[in-house]
Amino acid sequence: MEKRKKGIAAGLAFFLVFMWVCTLVSKSIYASGLPMVSTISIEAKYIEHTVEAEGIVEAGAKLPVIVLGGLRVEELAVHVGDKVEEGDLLFTVDLEEIREIIAEQETACQKVQLQIDAIVHNKELAEAQKALEEARAREDYDALARYQDTLVGRAAEEVAQAEEDLEEMYDENREHEDGEEAETEDEQEARRLEEERLKQQLQAAAYAEADAKWNRENTMRDAERKVEDILQEEDVDATLSVYRTEIGSIREKIAEYQAIIDKEGKITADRSGMVTDVYVEVGGRVPDTASLLLADNEVACQFRATLTKEQKSYVNLNDDVKLELDGRKAMNVSIDYLAENENAPGTFTALVQLPEETGMPGLSGVLRCTKAGEKQPCCVPLLALHTDNDRNFVYVVNEREGILGEEYYVEEINVSVIDKNDKWAAVEGALTTDSEIVSSSTKEVEKGGVVRLAQP
């Protein structure tokens, strides 16, 4: 009996050990299938933003090379990026075509000269005719003046004669009145009639004199106006001036074409600099504007970079930035110009004036600007932040009682993102300093899912 009891006790012990082992094995197997997660706590950080923008060095100022337009390019000696010195060959033009152009221009010049000669000759004839008309008008004026003066003089003489006759009549009447011999009525009547006639004669002579003076005044005024009309300036005719300007322009062009022939069609640089733009090609025509642009060596270069709208929010005018040109050591510079691009709204151009003798047109570089915002009390790694549509959340590890005892599970905590960079995000939500936030996991986790913690 005692032996049987010992056997039962041993079997029970074996069973309990077996069950314990099975539990451990089952728990181990169950745990091995769970995601293993690493956790972190929230941190207080400055969310720094680093803007990196690639760009290129440009000439600080460009000077044009302007040549007579329309010439045909025969050979191009330079390309963008070439450095030239004063007198270096840029390109050559077709000389035969220039000679043909000069011949055409000389023909045009001769035609204009003939027109000028005709106008000058006609003008001389017109001036001579005008001088003749003026001389004749003055002769007519003088003759009329003498004739009118004669008429007025004769009228004045008739007035004087009528006055004299009337005065004699008065004298005779006074003599008869003083005389002793009486006159008959017929004689008295005859004397009164004669006196009346003489008075009318005087009045008529006075009227005639007045008419003669009035007629002389009007006649001489008309003659004087005729002279004035002849002397009046004619309407201004700009034709001659236009032709002279045209012929001057043609001769200037001929001289310019001839200067190119004298240089054997070679177009050379009038200053030293780097070729930044070329607007001519072999076989093409020289434009009326600039044929090439040369960087002005006396003006420092500038660096140009394009920023996105988001990058622009962290870069301001006059900000101190780092500039690395062609992999060389970064230099400290500042933003000298910042504006939105008209041709590409939503993008911005940033310009940096480089120190003298720094960089060269065409050199590439990287612009870097770092901005540290306000210190945020609740920051998590960007890898711990998840997004579902417009919702942001993090996974937080909590404990609970499970079928195999205490276990860890994940819970979703919704957060609002205040700021972030490429590594960290400042958030607001139901998080505390004790919250264990999932930063990484060996498997995908989900809300309410059981996990195991990685050993620190």
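Okay, a definition to start: I say a charge sits over a ring if NZ of Lys or CZ of Arg is within 6 Å of the ring centre and within 35 degrees of the ring normal. With that in hand, look at Lys312: its charged end sits over the ring of Phe348, 5.5 Å from the centre. Then there's Lys45, which lies over the face of Trp424, at 4.5 Å from the ring centre.

Quick housekeeping. This is a predicted model, so local features need pLDDT of at least 70 and side-chain atom pairs count only at pLDDT 80 or more, while totals for chains, interfaces and linings use all residues. Numbering runs from 1 along each chain as its sequence is written, and side-chain values use heavy atoms, with hydrogens and water left out.

Staying with rings. Two rings of Phe, Tyr or Trp (the six-membered one for Trp) pair if their centres lie within 6.5 Å; planes under 30 degrees apart are stacked, over 60 edge-to-face, and the rest tilted. By that rule we get one aromatic pair. It's Phe393 with Tyr395, edge-to-face, 5.5 Å centre to centre and 75 degrees between the planes. Are those two buried or exposed? For me, buried means under 20% relative accessible area, exposed means over 50%, and partly exposed is in between, with a 1.4 Å probe and protein chains only. Phe393 has 6% relative accessibility, so it counts as buried, and Tyr395 counts as buried too because it comes out at 8%.

Next, helix 4. Helices here are DSSP runs of H or I with at least four residues, strands are runs of E with at least two, and both are numbered from the N terminus.

Just after helix 4 comes Glu264, with a positive phi of about 60 degrees, although it is not a glycine. You'll find Glu264 in the loop between helix 4 and strand 7 (266-268). Its relative accessibility is 53%, so Glu264 counts as exposed. Asn389 is another residue other than glycine with a positive phi, near 60 degrees. That one is in the loop between strand 16 (386-388) and strand 17 (391-402), and at 71% relative accessibility it counts as exposed.

Over in helix 3 (residues 185-231) we have Ala212, which is buried because its relative accessible area is 11%. The C-alpha atoms of Ala212 and Gly153 are 8.8 Å apart, and the two are 59 residues apart along the chain.

Last topic, cavities. On a 1 Å grid over the protein atoms alone, a cavity is a set of points where a 1.4 Å probe fits but cannot get out, and lining residues have an atom within 4 Å of a point. Searching the whole structure turns up one cavity of 30 Å³ or more, and the largest cavity holds about 30 Å³ of space. What lines the largest cavity? Val51, Ala53, Leu307, Val315, Leu367, Arg368 and Cys369 do. Strand 2 (43-58) and strand 15 (364-381) each supply at least two lining residues, and strand 15 gives the most, with three. By class, that lining has six nonpolar, no polar and one charged residues.

Definitions and conventions:
On a 1 Å grid over the protein atoms alone, a cavity is a set of points where a 1.4 Å probe fits but cannot get out, and a pocket is an open set with protein on both sides within 12 Å along at least five of seven lines; lining residues have an atom within 4 Å of a point. Grid points are joined across faces, edges and corners, and a volume is the space filled by probe spheres set on the points. Ala, Val, Leu, Ile, Met, Phe, Trp, Tyr, Cys and Pro count as nonpolar, Asp, Glu, Lys and Arg as charged, and the others, Gly among them, as polar.
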